[in-house]
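Here's a quick walk through one model. Have a look at the fold before reading on.

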Amino acid sequence: LQFNKGKFKIVLVSTGGSVKTLVNNPNKGNVKLMVKKGKSRIVMVGYNASGDVDISIKNIKDVNIQQK
């Protein structure tokens, strides 16, 4: 993650609707997480934000990834 300006947040929405904040207004950094079995979503929101986000997914088996 690397952001130049604005506000930015990344959350993980797990099965059952629980929400965990992964990132909240960083200038730069890394996030690693393990996702439990079931449906989960990673949601990114920003306000006047600019910067770069790279996502890599490793060690997945029988996983369906959808982008909206």
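Predicted model: local features only at pLDDT ≥ 70, side-chain atom pairs only at ≥ 80, totals over all residues.

Looking at one pair in detail, S1 and S3 are joined in the antiparallel sense over 10 bridges. Across from Gln 2 you'll find Asp 52 in S3.

## Lys 39 in the loop

Between S2 and S3 there's a loop, and Lys 39 belongs to it. Is this residue, Lys 39, buried or exposed? Lys 39 has a relative accessibility of 75%, and because the cut-off for exposed is over 50%, Lys 39 counts as exposed.

Lys 39 still has partners from elsewhere in the chain: setting aside neighbours within four places in sequence, Lys 39 is in contact with Val 13, Ser 14 and Thr 15. Take Thr 15: its C-alpha atom is 5.3 Å from that of Lys 39, though the two are 24 residues apart along the chain.

## The largest pocket

The largest pocket holds about 1900 Å³ of space. Its lining counts 39 residues, with Val 35, Ile 42, Ile 55, Ile 57 and Ile 65 nearest the centre.

The sheet strands show up here too: S1 (2-13), S2 (19-24) and S3 (41-52) each give at least two residues to the lining. By type, that lining splits into 18 nonpolar, 12 polar and 9 charged residues.

Key
Residues numbered from 1 in each chain as written. Heavy atoms only, no water. 1 Å grid on protein atoms, 1.4 Å probe; cavity = no way out; pocket = protein on both sides within 12 Å on 5 of 7 lines; lining within 4 Å. Points joined across faces, edges and corners; volume = space filled by probe spheres on them. Helix = DSSP H or I, 4+ residues; strand = E, 2+ residues; numbered from the N terminus. Nonpolar A, V, L, I, M, F, W, Y, C, P; charged D, E, K, R; others polar. Pairing = 2+ DSSP bridges. Buried < 20%, exposed > 50% of the residue type's maximum accessible area, 1.4 Å probe, protein only. Contact = heavy atoms within 4.5 Å.
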